[in-house]
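Student: Please give me a close account of a single residue in this model and of the partners around it. I would then like to see that site placed within the chain as a whole.

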Amino acid sequence: SPYRIPTQTGYRVQIFSASGRGAAESSVQEAKVALERDDIYIAFEPPYFKVQVGDFETREAADKFVQTARKQGYDTPFPVQTEIRSGNR
């Protein structure tokens, strides 16, 4: 498809995990406000819905964002290696 979003291997920072989609969707809305970002995703890895932030090309960039998330009150953010959208920082 010409509309396919290009991806590459990179990192996102996981900030939340829940067994229900509703809780994950609420977390996304809260994170958009708290973190002032739109690049927030829900990854479903049965049985959990995981809320992940960012399209970080390097582990260092993800680690830096972990510190930002902690300052905004997220207790246990951590980087995960995954497919990310290309061309974002």
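Tutor: A residue is called buried here when its relative accessible area is under 20%, and exposed when that value is over 50%. By this criterion Asp55 is buried, because its relative accessible area is 0%. The coordinates come from a predicted model, and every value below is computed from it.

Asp55 belongs to strand β3, which covers residues 48–56. Two polar partners of its side chain can be named. One is the side chain of Arg12, with which the side chain of Asp55 makes a polar contact at 2.8 Å. The other is a backbone group: the nitrogen of Arg85 lies 3.1 Å from a polar atom of the Asp55 side chain.

Arg12 is located in strand β1, residues 7–18. Arg12 also counts as buried, since its relative accessible area is 10% and the cut-off for that class is under 20%. Besides its 2.8 Å polar contact with the side chain of Asp55, the side chain of Arg12 reaches the backbone oxygen of Gly54 at 2.9 Å.

Among contacts with a separation of 6 or more, 69% join residues 24 or more positions apart. The protein chain has two helices and four strands, and their order along the sequence is β-α-β-β-α-β. The radius of gyration is 13 Å, close to the 12 Å that the globule rule gives for 89 residues, so the chain is as compact as a globular protein of that length. Along its principal axes, the C-alpha trace spans about 35 × 25 × 20 Å.

Buried residues make up 37% of the 89 residues in the chain; Asp55 and Arg12 are among them. The chain exposes about 5600 Å², of which carbon and sulfur atoms supply 48%. There are 12 positive and 12 negative side chains, and the centres of these two sets lie 2 Å apart.

Two loop features complete the picture. In the loop between β2 (40–45) and β3, one finds Pro47, and a cis peptide bond with omega of about 5° joins Pro46 and Pro47. Glu36 is found in the loop between α1 (21–35) and β2. Its phi is near 55°, a positive value in a residue other than glycine. Whereas Asp55 is buried at 0%, Glu36 is exposed, because its relative accessible area of 72% lies over the 50% limit.

Notes: Residues are numbered from 1 along each chain as its sequence is written. This is a predicted model: local features need pLDDT of at least 70, side-chain atom pairs count only at pLDDT 80 or more; totals for chains, interfaces and linings use all residues. Side-chain values use heavy atoms; hydrogens and water are left out. Buried means under 20% relative accessible area, exposed over 50%, partly exposed in between (1.4 Å probe, protein chains only). A polar contact is a pair of N or O atoms within 3.5 Å; within protein, one must be able to donate a hydrogen and the other to accept it, and residues adjacent in sequence count only if both atoms are side-chain atoms. The radius of gyration is taken over C-alpha atoms; the globule rule is 2.2 Å times the number of residues to the power 0.38. Contact means heavy atoms within 4.5 Å. Accessible areas come from the Shrake-Rupley method with a 1.4 Å probe; for residues, only the protein chains shown count as cover. Lys and Arg count as positive and Asp and Glu as negative; His and the chain ends are not counted. The place of a charge is taken as NZ of Lys, CZ of Arg, CG of Asp or CD of Glu.
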